[in-house]
Amino acid sequence: MRGDALEKLPLSDHFRAGEFRCQGGSCSCHGAISVDQRLVDLLEELRAELGSPIVITSAFRCDDHNETVGGHPKSFHRTGQAADLTSFRIRSDLENWAIIFAKIVEGRLGQERGNVIWYPKRNFIHVDVGRRISELLREKS
Ligand SMILES: [Zn+2]
Ligand SMILES: [Zn+2]
């Protein structure tokens, strides 16, 4: 999917398609969007728990952009199954929200799927609905 027509397409009560597009400035995808509905549903639940808006800083990444930002070659961002999240509220208590989000992810997706990684230096939390890799990961320092 691509194009501005999709920018404002609602995917849920609080998230629209444009928030999930590839943000590579010069990559060949021209702002393509790919998003797993399970991720959108999960984000709604996280937003409800947070009680305030969530800012998605990176969701879908085409292969070009994933390489540019140094993403893992098998990153779930490539498949539209991951989002990096922040907000004033999240930044103010990053570790605590990572723990809460991890519990919600497990509650929704079970033992087989979903990862939460928190990045204290860059102040965001990654969540994905891909195959479970670990319980809760902290950015390596
Ligand atoms: Zn791209
Ligand atoms: Zn991420």
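The buried residues of helix H4 (94–109) are covered by elements that include helix H1 (37–50), helix H3 (88–92), strand E3 (113–119) and strand E4 (124–131); helices (H or I, at least four residues) and strands (E, at least two) are DSSP runs numbered from the N terminus. The model is a predicted one, in which local features need pLDDT of at least 70 and side-chain atom pairs count only at pLDDT 80 or more, whereas totals for chains, interfaces and linings use all residues. Residues are numbered from 1 along each chain as its sequence is written, and chains are lettered from A and ligands numbered from 1 in the order in which they are written.

The buried residues of H4 are Trp 97, Ala 98, Phe 101, Ala 102 and Val 105. Because they cover an arc of only 140 degrees around the axis, they lie on the same side of H4; the arc is that of the directions from the helix axis to the C-beta atoms. Asn 96 and Gly 107, on the other side of H4, are exposed. A residue is buried if 20 or more other C-beta atoms, placed from the backbone, lie within 10 Å of its own, exposed if 12 or fewer, and partly exposed in between. H4 is followed by Gly 110, with a positive phi near 80 degrees.

Ala 102 lies in H4 and counts as buried because it has 21 C-beta neighbours inside 10 Å. Residues up to four places away in sequence aside, Ala 102 touches Val 116, Glu 135 and Leu 136, contact being defined by C-beta atoms, placed from the backbone, within 7 Å.

In H1, the buried residues are Leu 39, Val 40, Leu 42, Leu 43 and Leu 46. They cover an arc of only 160 degrees around the axis and therefore lie on the same side of H1, while Gln 37 and Ala 48 are exposed on the other side. The cover of the buried H1 residues includes strand E2, H4 and E4. Just after H1, Gly 51 takes a positive phi of about 75 degrees.

Residues up to four places away in sequence aside, Ile 125 touches residues including Leu 85, Trp 97, Phe 101 and Val 116.

Terms used. Two residues are in contact if their C-beta atoms, placed from the backbone, lie within 7 Å.
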